[in-house]
Amino acid sequence: MRYIVILFGLVIFACVGFDAQGQMIEGNYPFQIVDSLVFEEGLELLQIKVDTKPKNFISTIEARLRNGLEIKELDKKYFRKRIKEVHSATNKRDFVAGISNYSTDTIFIPIQDGSLISIIEAKDTEGVWKPIQYWPISGCGNSYYSECILPNQTLLFTVKKNFGSIQTSMRLRLHGTNTIFVSKEYVGTISLDMFKLKENVVQDYRHILCDKFFFLESPRFGNFYREADIEIEIIEETD
């Protein structure tokens with residue numbers, strides 16, 4: 001279930017119920033950008049730190065909600081409630097993941113409704129990788145933009161790994177620009193029912209004009225970042 005908030009011209013959301021157990025759940029990955037290189041340089045862009053728990057993690061969604069408290073006309077009680085819910089949900093997860101930019105170029109990552117487009121896969125009882133999360137595709141064009149990871153910056157997000165009583169291997173799938181990043185494996189717990197998608201789940205997402213889901217099998221999104229076209233008129237001065 002998603003709450004949609006439009007703040008400072010951007011669509012942001014915060015999910016509730018993404019720690020539900022016993023069924024497949026939607027992906028929901030608020031993030032932050034930090035001005036340091038958190039992960040080691042390597043061949044794989046998407047990296048995980050399963051031994052590092054979140055500590056006072058403040059996502060871009062939470063930061064924008066905090067900014068909302070400064071606007072006199074807005075409902076302060078609502079924003080305080082949402083800030084508490086978002087902060088609690090992201091900080092009680094199990095570890096951090098993300099991308100550190102060691103290059104001299106900017107890395108662009110597509111964002112939908114304030115979240116990274118990402119899901120978790122797990123191995124079933126036969127050792128086959130299957131999704132335990134789904135991604136609802138928004139039909140609203142305002143839902144999308146691309147986040148910039150500048151050189152020497154890191155994009156961070158928090159990940160939950162324990163959902164049930166059955167131990168298995170897991171991995172993350174993260175949508176990049178025209179590509180899908182896949183993380184290294186890690187160990188977590190699931191319920192077998194998490195491999196099943198709830199019937200008629202699309203009805204829960206009519207408010208974002210969603211009529212389909214996908215599991216990041218292949219890329220669907222490119223670069224939403226567009227620099228404004230600037231026209232410069234040169235006027236020649238004459239004596």
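Mentor: Let's start with one term: two residues are in contact when they have heavy atoms within 4.5 Å of each other. In this predicted model, take the contacts between residues at least 6 apart in sequence: 79% of them join residues at least 24 apart.

Trainee: Which residues does Ile-132 touch, leaving out those up to four places away in sequence?

Mentor: Ile-132 touches Met-24, Ile-25, Ile-120, Glu-121, Ala-122, Phe-163, Met-170, Ile-190, Met-194 and Phe-195. Ile-132 also belongs to the largest nonpolar core, which has 29 residues. Ile-132 is among those with the most contacts inside that core, as are Ile-109, Leu-116, Ile-120, Phe-157, Val-159 and Leu-172.

Trainee: Which strands supply at least two residues each to this core?

Mentor: Among them are S5 (46–49), S6 (95–100), S7 (107–112) and S14 (166–176). There is also a second, separate core of 9 residues, including Ile-117, Ile-119, Ile-180 and Phe-214.

Trainee: Why is Phe-79 called buried?

Mentor: Buried means under 20% relative accessible area. Phe-79 has 5%, so Phe-79 is buried. Tyr-78 has 29%, which lies between the 20% and 50% cut-offs, so Tyr-78 is called partly exposed. Across the protein, buried residues make up 47% of the 239 residues.

Trainee: How do you know that the pair of Tyr-134 and Tyr-205 ties together parts that are apart in sequence?

Mentor: Tyr-134 lies in strand S11 (residues 133–136), while Tyr-205 lies in the loop between S16 and strand S17 (213–214), so the pair links parts that are 71 residues apart in sequence. Tyr-134, at 5% relative accessibility, counts as buried, and so does Tyr-205 at 2%. In total, the structure holds 10 aromatic pairs. Tyr-144, Phe-214, Phe-221 and Phe-224 form one aromatic cluster.

Trainee: Why is Arg-220 said to lie over the face of Phe-214?

Mentor: For Arg, CZ must be within 6 Å of the ring centre and within 35 degrees of the ring normal. Arg-220 lies over the face of Phe-214 at 5.3 Å from the ring centre, so the distance meets the 6 Å limit.

Trainee: What makes S7 and S12 a pair of strands?

Mentor: Pairing needs at least two bridges. S7 and S12 share 6 bridges in the antiparallel sense, so they pair. They belong to an open sheet of 3 strands in the order S8-S7-S12.

Trainee: Which are the edge strands of that sheet?

Mentor: They are S8 (115–116) and S12, each pairing on one side only.

Definitions and conventions: Residues numbered from 1 in each chain as written. Predicted model: local features only at pLDDT ≥ 70, side-chain atom pairs only at ≥ 80, totals over all residues. Heavy atoms only, no water. Core = buried A, V, L, I, M, F, W, Y, C linked by side-chain atoms within 4.5 Å. Buried < 20%, exposed > 50% of the residue type's maximum accessible area, 1.4 Å probe, protein only. Helix = DSSP H or I, 4+ residues; strand = E, 2+ residues; numbered from the N terminus. Phe/Tyr/Trp six-rings, centres within 6.5 Å; stacked < 30°, edge-to-face > 60°.
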